[in-house]
Amino acid sequence: MKHLQHLLRNIDGKGYKGYKSLQGSYSFDQYEIAIDYVQGDPFAAPSKIRIIIPNENREIKEEWKQSKERSVYTADLLARSIAEAIQKESNASKGSGKSGLIYVDKPGQEILERTAVQLKQDQMIICLSIGLPANGRKINGKEAEKLFFTILPSILKNSVFAISDEDIEKRVHLADQHLAIRQKMKDNNWIAFIADGAILPRASGISDKPLTKAVPFESSEENRVEIAVPHQVQPLTGMAIKKGISLIVGGGYHGKSTLLQALERGVYHHITGDGREYVLTDPNAVKIRAEDGRQVTAVNISAFINDLPQQQDTQRFTTENASGSTSQATNVVEAIEASASTLLIDEDTSATNFMIRDARMQALVHPDKEPITPFIDKIKQLRDQLAVSTILVMGGSGDYFDVADEVIMMDQYKPYNVTEKVQEIIQQQPVSRQGTDNPFVEDMNQRIFLPNSLNVHKGKKKKVQAKSLDTIFMGRTTIQLQGVEQLIDPSQTRTIAEILRYMEAKSVLKEGKPLTELLNDIDKLIDQAGLQAFSPFPNQHPGDLARPRRFEIAACLNRMRTAKIK
């Protein structure tokens with residue numbers, strides 16, 4: 001501690017690069033600080049430090065780490081407490097550029113595996129970014145001393161050293177409850193569970209917090225189930241959606257899309273108070289939408305689209321500018337390739353000609369002249385041949401009644417099971433549209449990405465960088481992820497960028513594995529070695545990383561304009 005103080009006083013007023021001499025480790029009373037990376041300029045990316053707290057100074061009980069889920073939930077709570085303490089700290093040091101900045105990768109409403117706080121066998125590691133103080137481009141040693149010896153100790157005192165064991169117990173209990181719900185879903189072939197009392201609407205388009213005065217969710221009687229969960233006397237009740245084909249219907253502004261959006265996010269777990277903490281969806285559910293203009297490389301969309309003009313090959317369909325229908329067909333096939341077991345679709349973000357072609361249009365346009373086999377003609381094959389379920393929001397076409405296993409109608413934000421009524425309507429108003437019998441090919445999309453797909457060079461340098469939630473710069477190209485709606489945190493995007501960099505550096509694609517196996521390997525590596533396995537400096541500050549799902553990793557690979565497929 002005194003050594004760091006001495007160094008700061010020695011370099012006070014010198015050129016900013018003098019801060020580089022600080023790199024190393026320093027012992028404090030209750031913890032150690034490792035300064036892993038020092039920014040070269042007060043306006044550059046901030047410096048990276050780790051705070052290492054031995055277990056004897058802040059005990060993290062073994063029972064809080066006895067499962068992967070418990071450990072993730074505990075680390076998540078600690079990261080939130082640090083973020084709150086940083087926000088409340090009013091004595092931040094001042095200066096030019098990023099002087100005095102203190103940042104931890106703050107979680108959102110979802111609980112994700114992160115590198116912000118890591119719980120090891122005998123210690124806790126906290127990863128922070130800090131802006132070392134400067135006056136102009138000269139070191140402000142006094143402010144830096146204040147940062148290390150006053151502000152950081154205050155933040156730790158008011159977060160990890162202040163948080164109660166009771167609060168941590170509550171968080172690990174939530175982990176146990178989520179696991180119990182998922183086990184019940186698996187045992188009963190449910191692909192979704194929405195608890196009674198859940199708050200589904202969000203505060204606004206730019207806030208993921210719950211809407212105040214929203215109508216609490218209340219299950220339809222036919223779909224209501226009961227789940228006994230640990231650490232709670234009363235069982236949970238709510239609506240279960242079974243495997244198969246489920247329609248969500250109803251008038252405009254009655255909550256159809258709000259329900260589907262909650263199910264999209266239900267692949268992740270949420271904190272207590274979010275309103276969706278007991279809304280859980282099949283973790284392998286993928287939101288499907290039309291995505292005009294996206295890159296497509298060698299995807300077999302022939303089950304949906306054939307005989308395109310100019311004799312385009314739809315068994316290895318490639319385009320730099322996909323249409324609504326070709327992009328949506330591609331998104332379905334790619335999701336299945338990545339092992340999706342449930343598709344989530346909203347007609348509002350779908351291509352109409354991909355979703356439906358009614359009897360009158362079939363009578364006018366002969367099948368020989370129509371290259372698109374609409375989704376309505378394939379949805380049962382997806383269920384029966386590939387065991388892929390679909391939850392579909394549909395407000396404009398009753399033709400889907402014929403293929404639905406269950407129909408839920410939203411009315412004033414409340415769900416009603418209208419499956420029997422729908423069957424009566426089908427009897428009274430039969431539809432004469434013609435379907436198709438051509439089956440899916442089991443291995444319709446087993447693509448192998450070639451090594452030169454990962455073109456990370458920009459001149460003599462290599463560059464892979466996440467710029468925002470939905471943009472990654474790779475070499476001279478940009479990967480656009482705006483249509484990947486279940487990518488929810490910029491730290492997930494940073495992790496995907498690190499995975500691309502890792503794959504290029506380790507020549508992973510030279511192994512010639514199909515995409516599915518590649519994704520399996522990535523998941524296995526994260527499970528065994530953690531997210532820091534993809535960091536260039538795994539034993540130092542790994543960067544602000546959060547775990548993406550395999551589907552969002554695949555979505556990034558599939559949107560690379562440099563992709564080459566064997």
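Guide: Apart from residues up to four places away in sequence, Gln123 touches Ile52, Ile53, Pro54, Asn55 and Gln118, where contact means heavy atoms within 4.5 Å. The model is predicted, so local features need pLDDT of at least 70 and side-chain atom pairs count only at pLDDT 80 or more, while totals for chains, interfaces and linings use all residues. Residues are numbered from 1 along each chain as its sequence is written, and side-chain values use heavy atoms, with hydrogens and water left out.

Gln123 belongs to strand E7 (residues 123-130); helices (H or I, at least four residues) and strands (E, at least two) are DSSP runs numbered from the N terminus. Its relative accessibility is 27%, so Gln123 counts as partly exposed; buried means under 20% relative accessible area, exposed over 50%, and partly exposed in between, with a 1.4 Å probe and protein chains only. Gly100 is 23 residues from Gln123 along the chain, and their C-alpha atoms are separated by 27 Å.

His541 lies in the loop between helix H12 (515-529) and H13. His541 counts as buried because its relative accessibility is 6%. The side chain of His541 reaches the backbone oxygen of Leu128 at 3.2 Å. Leaving aside neighbours within four places in sequence, His541 is in contact with Asp36, Lys48, Ile49, Arg50, Cys127, Leu128, Ser129 and Ser535.

About 820 Å³ of space lies in the second largest pocket, and its lining divides into 12 nonpolar, 6 polar and 8 charged residues. The classes are as follows: Ala, Val, Leu, Ile, Met, Phe, Trp, Tyr, Cys and Pro count as nonpolar, Asp, Glu, Lys and Arg as charged, and the others, Gly among them, as polar.

Pockets and cavities are found on a 1 Å grid over the protein atoms alone: a cavity is a set of points where a 1.4 Å probe fits but cannot get out, a pocket is an open set with protein on both sides within 12 Å along at least five of seven lines, and lining residues have an atom within 4 Å of a point. Grid points are joined across faces, edges and corners, and a volume is the space filled by probe spheres set on the points.

The largest pocket has a volume of about 1,200 Å³. It is lined by 33 residues, with Arg182, Val267, His269, Pro283 and Asn284 nearest its centre. At least two lining residues each come from helix H2 (68-88), helix H4 (165-188), strand E10 (190-195), H12 and H13, and H4 supplies the largest share, 5 residues. By class, this lining has 14 nonpolar, 7 polar and 12 charged residues.

The cavities number 2 at 30 Å³ or more. The largest cavity has a volume of about 200 Å³. Of its 19 lining residues, Val286, Lys287, Phe551, Ala555 and Arg559 are the closest to its centre. Strand E18 (285-288), helix H6 (324-337) and helix H13 (550-558) are the elements that give two or more residues to this lining; H13 gives the most, with 5 residues. The lining of the largest cavity divides into 8 nonpolar, 4 polar and 7 charged residues.

The second largest cavity has a volume of about 80 Å³. Among the residues that line it are Ala198, Leu200, Val215, Phe217, Met410 and Tyr413. This lining has 9 nonpolar and 2 polar residues, and no charged ones.

Tyr413 is in the loop between strand E23 (406-411) and strand E24 (414-417). With a relative accessible area of 39%, Tyr413 is partly exposed. Its phi is positive, about 70°, although Tyr413 is not a glycine. Most residues other than glycine have a negative phi. Ala298 also has a positive phi, near 55°. Ala298 is placed in strand E19 (residues 296-299) and counts as buried, because its relative accessibility is 5%.

Conventions:
A polar contact is a pair of N or O atoms within 3.5 Å; within protein, one must be able to donate a hydrogen and the other to accept it, and residues adjacent in sequence count only if both atoms are side-chain atoms.
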